[in-house]
Amino acid sequence: MELTDVVFSHCDLSNADFAEAIIHRVQFDNCKILGIVLTAATIRNTVFTGCSGDYATFRFASMKQTAFRSSSLIKSDFYHTELSKVEFDEAVIDQAQFSGTSLAGIDLSTAEFHNLGVTLEDLQGCIISPAQSIVFTKIFGLVVKE
């Protein structure tokens with residue numbers, strides 16, 4: 001499937017299979033994308049705003065200039081996904097899987113999460129808020145002593 005210059009507004013795309021799709025200049029506005037499959041998709045210049053996308057699968061996808069704004073991506077899967085200029089602006093990414101995905105240069109400072117599937121290597125160069133540093137302390141089992 002190839003989508004270019006498409007706007008999805010208030011659509012229910014739950015469990016839709018967009019595996020290996022090419023998605024360019026697409027907007028997902030207030031869509032229900034629970035469990036959507038975007039495995040190995042190529043996603044460029046795309047914005048997800050106000051979407052409910054828990055359990056979405058982005059495994060092995062390539063994403064550039066893509067934004068997730070005020071969207072829920074709880075337990076989503078970004079395993080081995082290429083991220084370049086991707087925003088998680090006020091997105092809920094709790095328990096999302098980022099193993100094998102470099103978060104270098106990715107700003108998670110406004111994202112909400114209590115746990116992530118991530119390695120220390122994946123986090124090199126990631127941008128977080130001071131409050132989020134406590135979460136990573138717990139993720140890696142560190143004990144902070146005052």
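How many aromatic pairs does the structure hold? In this predicted model, the structure holds 13 aromatic pairs. A pair of aromatic rings is described by the distance of the centres and the angle of the planes. For Phe-58 and Phe-68, the ring centres are 5.6 Å apart and the planes stand at 80 degrees; because an angle over 60 degrees counts as edge-to-face, the pair is assigned to that class. Phe-58 lies in the loop between β5 (42–49) and β6 (62–69), and Phe-68 in strand β6, so that the pair links distant parts of the chain, 10 residues apart. Phe-58 has a relative accessible area of 0% and is therefore buried, and Phe-68 is likewise buried, with a value of 0%.

A further edge-to-face pair is formed by Phe-78 and Phe-88, with 5.7 Å from centre to centre and 85 degrees between the planes. Because Phe-78 is located in the loop between β6 and β7 (82–89) and Phe-88 in strand β7, this pair ties together parts that are 10 residues apart in sequence. Both Phe-78 and Phe-88 are buried.

Leaving aside residues up to four places away in sequence, Ser-62 touches Ala-41, Thr-42, Ile-43, Arg-44 and Glu-82.

Definitions and conventions:
Residues numbered from 1 in each chain as written. Predicted model: local features only at pLDDT ≥ 70, side-chain atom pairs only at ≥ 80, totals over all residues. Heavy atoms only, no water. Phe/Tyr/Trp six-rings, centres within 6.5 Å; stacked < 30°, edge-to-face > 60°. Helix = DSSP H or I, 4+ residues; strand = E, 2+ residues; numbered from the N terminus. Buried < 20%, exposed > 50% of the residue type's maximum accessible area, 1.4 Å probe, protein only. Contact = heavy atoms within 4.5 Å.
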